Amino acid sequence: SVDSGNDVLSFAWVGDDDNFAILRQHADPSFPSDWDSNSTHLPYKGKRPQVELFKLAEVEVDAVELAAGASVAAATTVRLGSLNVRGGDRVIPHVLFGGPALCVGCLSVSDFNTSDDEGIAYFYSRKGAAIETHDERASVYTTIGTSIPYPDLVTWDECGQLCAISYGSRVAIYVSEESKFMLLGSIRVVGSESSGAELPLISLKFIHGVLYCSTLSSVHVIFLGNLEEYDTVCELDSYTIATNDVPLYGTNNPDLSSPVPVITALTKPHILAYHSGGLLVSTLCGLRLLPLSHPMIRIGTLLAANLTDRARKWILAIPKSEHDNLANFLSRRGFVDLAINDLNGLSLETYIDLCMRYEHTDELEHLIDTCGSDILNDICDWGRWEAFGGYSGYFAIGMYLLGKDKIGCARTLVIKATESGINELLADAMKLATFISVVDQAGGNALLQKVTHAMDFNANVQLALANIVN
């Protein structure tokens with residue numbers, strides 16, 4: 001071990017080069033010494049906390065000294081200087097969180113002895129030029145991103161890109177890339193499934209792309225969304241793995257998309273690692289191995305670890321009755337291709353929705369070209385009776401195809417509507433043909449004439465035509 005001195009309040013490793021930070025009290029005559037003696041914020045009066053950076057340096061010992069039985073430490077510390085904390089004398093550093101970037105939580109001097117001060121925190125990292133020149137001095141550290149609220153817990157993934165920060169029962173996920181520090185999304189973790197209680201988190205850990213967390217009496221898993229698109233909100237899903245809370249109405253749940261938590265004795269569980277296909281946690285009563293065998297959790301962990309082929313075996317084994325729910329889960333993880341290509345039990349509405357939301361236009365075009373006549377009856381009434389005169393599903397699909405320059409497929413929709421003889425569809429087909437004529441005047445006019453001849457001019461259709469004109 002390396003002696004770091006007295007009056008140390010907090011410690012954190014910084015980066016992966018044997019650098020570390022210490023929050024230590026230093027005597028400062030200008031620092032007020034009349035703090036409330038009952039305050040838990042400041043252990044020593046008249047001393048200002050400072051953030052100091054150090055580096056572990058290996059001690060080289062020659063063979064002669066070792067042969068003589070010399071007792072020499074394996075490493076010693078090299079002081080890199082004191083960090084210039086943003087906020088200066090207006091803030092007091094209070095806690096350190098380690099990782100690829102150093103997080104310093106601070107409290108305001110003006111509100112130091114009040115319970116109203118929520119505090120702020122900043123992340124610090126070396127400047128780009130300093131990294132290139134291997135300059136490790138404290139003076140080359142600068143803040144990245146904007147300030148964040150004072151955190152309870154901070155943890156990083158194995159690659160040093162994802163950062164999870166907890167505030168009570170809420171977890172926020174950030175991504176650190178070069179000089180950027182961006183929020184991807186946040187989610188509230190419910191500690192008790194039966195009571196819905198919000199309990200503060202006491203442990204956070206990334207394991208192979210999956211975030212695990214725990215409260216005083218429960219363990220949860222958080223699956224992240226598609227991380228390839230940082231400019232969109234990362235969709236997060238949370239499930240309870242285990243809890244000591246016994247449900248009032250038992251644990252019978254036939255829905256495979258909603259995992260049932262394991263009921264077991266948990267007292268302050270802390271996340272450790274994967275072990276034998278389960279999650280190993282430490283508690284005040286010893287180690288616990290929690291199963292991760294539920295299909296939804298197993299699929300999520302395998303996909304996060306880029307074990308797609310193994311995940312597909314689980315996906316193909318899911319009953320067709322659960323394919324819609326599974327498709328939603330997969331699409332939120334960024335695996336829309338798996339949902340569309342592997343789930344043959346999807347409802348028509350879910351399939352078309354996935355194609356349009358995630359721009360799988362070729363699959364939608366193939367569906368209309370091969371099964372257009374068969375699906376018209378199903379999509380005829382989608383959205384038609386919504387309040388405020390919502391567009392029908394048929395018309396929305398046609399306009400989507402036009403927007404993707406699939407004029408031929410949109411023309412097919414109009415032709416198949418004329419062949420169906422459904423009055424509501426004929427009215428929508430006339431609207432769609434009108435828009436087609438804007439980009440293809442000759443073809444659109446021919447479609448309008450075809451729809452007109454197919455219409456049954458009863459009172460209802462005349463009313464529909466009046467709506468088109470108006």
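How much space lies in the largest cavity?

The model is predicted, so to speak of local features a pLDDT of at least 70 is needed, while side-chain atom pairs count only at pLDDT 80 or more, and totals for chains, interfaces and linings use all residues. Residues are numbered from 1 along each chain as its sequence is written, and side-chain values use heavy atoms, with hydrogens and water left out.

**Exercise 1. Describe the largest cavity and its lining.**

Step 1. A cavity is a set of points on a 1 Å grid over the protein atoms alone where a 1.4 Å probe fits but cannot get out. The structure holds one of 30 Å³ or more.

Step 2. About 40 Å³ of space lies in the largest cavity, a volume being the space filled by probe spheres set on the points.

Step 3. Its lining (residues with an atom within 4 Å of a point) is made of Leu256, Ser257, Pro295, Met296, Ile299, Ile318, Glu322 and Leu326. Helix α3 (residues 295-304) gives the largest share, three residues; helices are DSSP runs of H or I with at least four residues, and strands are runs of E with at least two.

Step 4. Sort the lining by type: six nonpolar, one polar and one charged. Here Ala, Val, Leu, Ile, Met, Phe, Trp, Tyr, Cys and Pro count as nonpolar, Asp, Glu, Lys and Arg as charged, and the others as polar.

**Exercise 2. Find how α11 packs with α9 and with α10.**

Step 1. Helix α9 (residues 393-403) and helix α11 (residues 423-439) pack at about 15°, axes 9 Å apart. They are therefore roughly parallel (angles under 35 degrees; over 145 is roughly antiparallel).

Step 2. The α9 contact with α11 has nine nonpolar, one polar and two charged residues.

Step 3. Helix α10 (residues 407-420) and α11 have axes that come within 9 Å and cross at roughly 150°, and this pair is therefore roughly antiparallel.

Step 4. The α10 contact includes Ile407 and Val414, meeting α11 residues such as Leu426 and Val439. It divides into 12 nonpolar, two polar and one charged.

**Exercise 3. Locate Glu198 and name its contacts.**

Step 1. Glu198 is in the loop between β12 (180-188) and β13 (203-207).

Step 2. Leaving out residues up to four places away in sequence, Glu198 touches Ser169 and Arg188.

Step 3. Glu198 and Ser169 are 29 residues apart in sequence, yet 5.8 Å apart in space, C-alpha to C-alpha.

Definitions and conventions. Axes fitted to C-alpha atoms, helices over the stretch in contact; angles between N-to-C directions. Parallel < 35°, antiparallel > 145°, perpendicular 65-115°, else oblique. Contact = heavy atoms within 4.5 Å. 1 Å grid on protein atoms, 1.4 Å probe; cavity = no way out; pocket = protein on both sides within 12 Å on 5 of 7 lines; lining within 4 Å.
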